[in-house]
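Me: I would like to learn how to read a structure like this one. Where should I start?

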Amino acid sequence: MVINGSQLSSRPLYSWSNRMMTHLMRYQAQPPQDQLVSIMNRIYSGNMTTLSGGNLSIVDAEGDIWITPAGLDKGRLTSRDMVCVRADGRVIGPRRPSSE
């Protein structure tokens, strides 16, 4: 479909939402720290964050918060870099969590 010289997709919206659900289900099958790495890699490769800017977090089924560490190159994160802030406030991981 073309409107005002711009090409628009004629695909129905449900095909986009089905693809999005497939991506979400794939992430949910991963441990939280791997989810964070996968999502941050997509954000970083899409130039939507800077080397040390931007942070992500996930709350797991136990109520613990997994968060990307502060001050690291977001393009080089591994699952070992992730920090877990337990529901009781304990911080577990090799680095300090983001301040956000």
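Reply: Start with the elements: helices (H or I, at least four residues) and strands (E, at least two) are DSSP runs, numbered from the N terminus. This chain has two helices and six strands, in the order β-β-α-α-β-β-β-β from the N terminus on. The model is predicted: local features need pLDDT of at least 70, side-chain atom pairs count only at pLDDT 80 or more, and totals for chains, interfaces and linings use all residues. Residues are numbered from 1 along each chain as its sequence is written, and side-chain values use heavy atoms, with hydrogens and water left out.

Me: How are the strands of the sheet arranged?

Reply: Two strands pair if DSSP finds at least two bridges between them. Here four strands make an open, antiparallel sheet in the order 3-4-5-6. Strand 3 (57-59) and strand 6 (91-92) are the edges, each pairing on one side only. Strand 5 (residues 83-85) is joined to strand 6 by two bridges.

Me: Which residue in strand 6 is the bridge partner of Cys 84?

Reply: The partner is Ile 92. Contact means heavy atoms within 4.5 Å. Leaving aside neighbours within four places in sequence, Cys 84 has contacts that include Trp 66, Val 91 and Ile 92.

Me: Which residues make up the largest nonpolar core?

Reply: Such a core is a set of buried Ala, Val, Leu, Ile, Met, Phe, Trp, Tyr and Cys residues joined through side-chain atoms within 4.5 Å; buried means under 20% relative accessible area (1.4 Å probe, protein chains only). The largest one has nine residues: Leu 36, Val 37, Met 40, Leu 56, Ile 58, Trp 66, Leu 77, Met 82 and Cys 84. Helix 2 (residues 32-45) gives the largest share, three residues.

Notes:
Buried means under 20% relative accessible area, exposed over 50%, partly exposed in between (1.4 Å probe, protein chains only).
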